[in-house]
Structure formats: structure tokens, C-alpha cells
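Subject: Structure handover, cavities and ligand site

Hello,

Here is the structure for your pocket work. My notes follow below it.

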Amino acid sequence: MQTGLNEKVVLITGASGGIGSEVARQFAKEGARVVLHYHQNVRGARNLNVELGESRSQMAQADLSQEADVARLFETIEKDLGPVEIVIANAGKYTPTTPLHELSLEQWNQTLSANLTSQFLTLREFFRGIKRHGLLAPSAVLIGSTAGKFGEAFHADYASAKGAVMHGFLKSLKNEISRLAPKGRVNAVCPGWTLTPMVRDFANDAAAKVRVAQTIAMKKIARPEDVASSVLFLASSQLSGHLSGECIFVSGGMEGRVLYAPEEVDASEV
Ligand SMILES: NC(=O)c1ccc[n+]([C@@H]2O[C@H](COP(=O)([O-])OP(=O)(O)OC[C@H]3O[C@@H](n4cnc5c(N)ncnc54)[C@H](OP(=O)(O)O)[C@@H]3O)[C@@H](O)[C@H]2O)c1
């Protein structure tokens, strides 16, 4: 089935990262004109730009937690390619393992900035473009996380930011976008553990992988391709034109968390 993405201008935030780069590959394969956003990893973005071809992709740098950077990002894209028609709000940052009683306000603010404020600023600029250009069927896909569904001990900052993205933010925006554009849609893809640089430490920890696999029906963690294909599906009006405000969990049937190791539980006290 056709995706209808040919020649669409698609901004992928965090395209220098593991999931974002695969999303960019899949959109480029469909003939979209992809904007490869990066923050610090210029090399990752450049390699991808070369791989996808400079006629099909272009790089764009921004710290998405900064208002002026996001405005400049959209202005540059509009000047070079025309208005952004599809946004994949994928950029985000996992945080150091920190119990709540040791979590500094500084870390809390930084995590919310990188994972929630960045999505607010990106989507606000996108919505402004929709209004200015009268786009008819714009589409956005937000990247949440199973952390926002199940919570995650020692990552309350990250889980809170993701929870806000995939619940209150998503559900509000799907009602606003259709007032700006009758066929406008906002959806989310919420990955579980996915093999990318973000979870490098976890990927090298066999015990952690076994603990996590115990919560996943399919006993495997996702690959970026698994996440990217759901993003493509939700972004395409031809494939999912009547879906809005939905969240697809790409998590192999994950049920929750293993809270304790067997040695931490005394059967006589249960
Ligand atoms: N991997 C997982 O297990 C997993 C699970 C659930 C959800 N997710 C979510 O999936 C998304 C992609 O994650 P990933 O695994 O692909 O991670 P990744 O490889 O570390 O990529 C993260 C991307 O976000 C960008 N970024 C971070 N902070 C930014 C900021 N302040 N401004 C602009 N860009 C910023 C990074 O840019 P630079 O590198 O260029 O600085 C990078 O491109 C994230 O939202 C993450 O929370 C991942």
C-alpha cells in the first residue's frame, strides 16, 4: 500500500540518534524530503546525510530546549524546503539512575527540558506553520516511552516527562490540531527498551537484560527498525488517516517491571 509520503517535508528531531536515524531511513525510502535534526552529534547527522543523499536529506542543528533555536530551525527549513508537513518529535534524553531523595532540582529541570519542553517548543512551532500556511493534513508523531506508562524507579524525572508527553500533551494536541487543519493528526509511539546508544550500559549488562526480558511477552528488546515502522504508519495519512490521539506501544507485549530480585523477598513475610 502507498504511504503518500513522497516529497513530503518531514522534520525528524534527534535524527543523529539510534531511533531517529532509522526513522529517517524509512521516510527517505518512501521519497520524503527529510530534515535530519541533531543537537551535538554532528558526525552522526553528517554520516546519515551522506548515506541518504543530499538531494533527499538535509541537516539542521538545534538545542530544542531553547526557544530561539527552535524558531530558527523551522525558519531555515521553510526557507530551504517549504513548510514542515510532518514532525517526528523524537529527540530526548535518558537520565542517570537517581533515587528521588537524591534527585537535584537541576537534574529534574534538565530532564523535563530535554524531554517535555523540547516537544512543546517543537510542536508549537509546527502548529504556527500549520496556521500560517493553511496546511490541510499535517501530522505529528511524538515519541513517548513505556516509562510513562509503568513509571520507572530511580528515573522519576524521565518517567514524568514521558508520561506528560504521551497523555496530557498528546490528548490536548489532537484536539487542537483538528481546529487548525481538518485532517490534522497527532499520535505517539511509545517504545519499550530499544537497542540504541541511549541504553548502551543496559545493553552490556546481561543480568539487566534477563530482568527486563521477564516482563516482555516476546522476550526480546526492540530494534530501532521496529519503532520506526510504527512511526511511519502513524505519520502517513494514507495508512492511518483516521487515527489521532493514539499511542502505539512498541514493546513486545511488555507487562510492567520486575520490582525485586528473588533474594529481596522473604516468603515468610509475604
Ligand atoms: N532506547 C530506548 O530504549 C528508548 C525507550 C523508550 C523511549 N525512547 C525514546 O526514543 C527517543 C530516541 O531515543 P534513542 O534511543 O534513539 O536515543 P539516542 O540514540 O540517545 O538519541 C537521542 C537523540 O536526541 C537528541 N537530543 C537529546 N537532547 C536534545 C536536546 N536538548 N535538543 C535537541 N536534541 C536533543 C540527541 O541529539 P545529539 O546526539 O545530536 O546531541 C539524539 O539525536 C527518545 O525520545 C527516547 O526517550 C528510547
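The largest cavity is lined by Phe74, Glu78, Pro83, Val84, Glu125, Phe126, Gly129, Ile130 and Leu135. On a 1 Å grid over the protein atoms alone, a cavity is a set of points where a 1.4 Å probe fits but cannot get out, and lining residues have an atom within 4 Å of a point. Two elements, α3 (67–81) and α4 (105–133), each give two or more residues to this lining. Helices (H or I, at least four residues) and strands (E, at least two) are DSSP runs, numbered from the N terminus. The largest share, four residues, comes from α4. By class, the lining of the largest cavity has six nonpolar residues, one polar and two charged. Here Ala, Val, Leu, Ile, Met, Phe, Trp, Tyr, Cys and Pro count as nonpolar, Asp, Glu, Lys and Arg as charged, and the others, Gly among them, as polar.

The volume of the largest cavity is about 50 Å³. The structure holds one cavity of 30 Å³ or more. A volume is the space filled by probe spheres set on the grid points, which are joined across faces, edges and corners.

On provenance: this is a predicted model, where local features need pLDDT of at least 70, side-chain atom pairs count only at pLDDT 80 or more, and totals for chains, interfaces and linings use all residues. Residues are numbered from 1 along each chain as its sequence is written, and side-chain values use heavy atoms, with hydrogens and water left out.

Now the open spaces. A pocket is an open set of grid points with protein on both sides within 12 Å along at least five of seven lines. The largest pocket holds about 1200 Å³ of space. Its lining has 45 residues, and Ala91, Gly92, Lys93, Tyr94 and Met198 lie nearest its centre. Two or more residues each come from α1, β2, α4 and α6. Again α4 gives the largest share, here six residues. The lining of the largest pocket splits into 15 nonpolar, 24 polar and six charged residues.

What takes up the largest pocket? The ligand does. The test for sitting there is that more than half of a molecule's atoms lie within 2 Å of the grid points. Around the ligand are 29 residues, with Ser16, Gln40, Asn90, Tyr158 and Thr196 coming nearest. A residue counts as near if one of its heavy atoms lies within 4 Å. The shell divides into 12 nonpolar, 15 polar and two charged residues.

- Threonine 194: a polar backbone atom at 2.8 Å from a ligand oxygen.
- Glycine 14: a polar backbone atom at 3.2 Å from a ligand oxygen.
- Glycine 92: a backbone N or O atom at 3.2 Å from a ligand oxygen.

Alone, the ligand exposes 900 Å², and the protein buries 90% of that (Shrake-Rupley, 1.4 Å probe).

The second largest pocket holds about 800 Å³. It is lined by 29 residues, and Glu152, Ala153, His155, Trp193 and Arg211 are the closest to its centre. Both α7 (200–203) and α8 (206–213) supply at least two lining residues. This lining has 16 nonpolar, six polar and seven charged residues.

Best wishes

Conventions: Polar contact = N/O pair within 3.5 Å; in protein donor to acceptor, adjacent residues only side chain to side chain.
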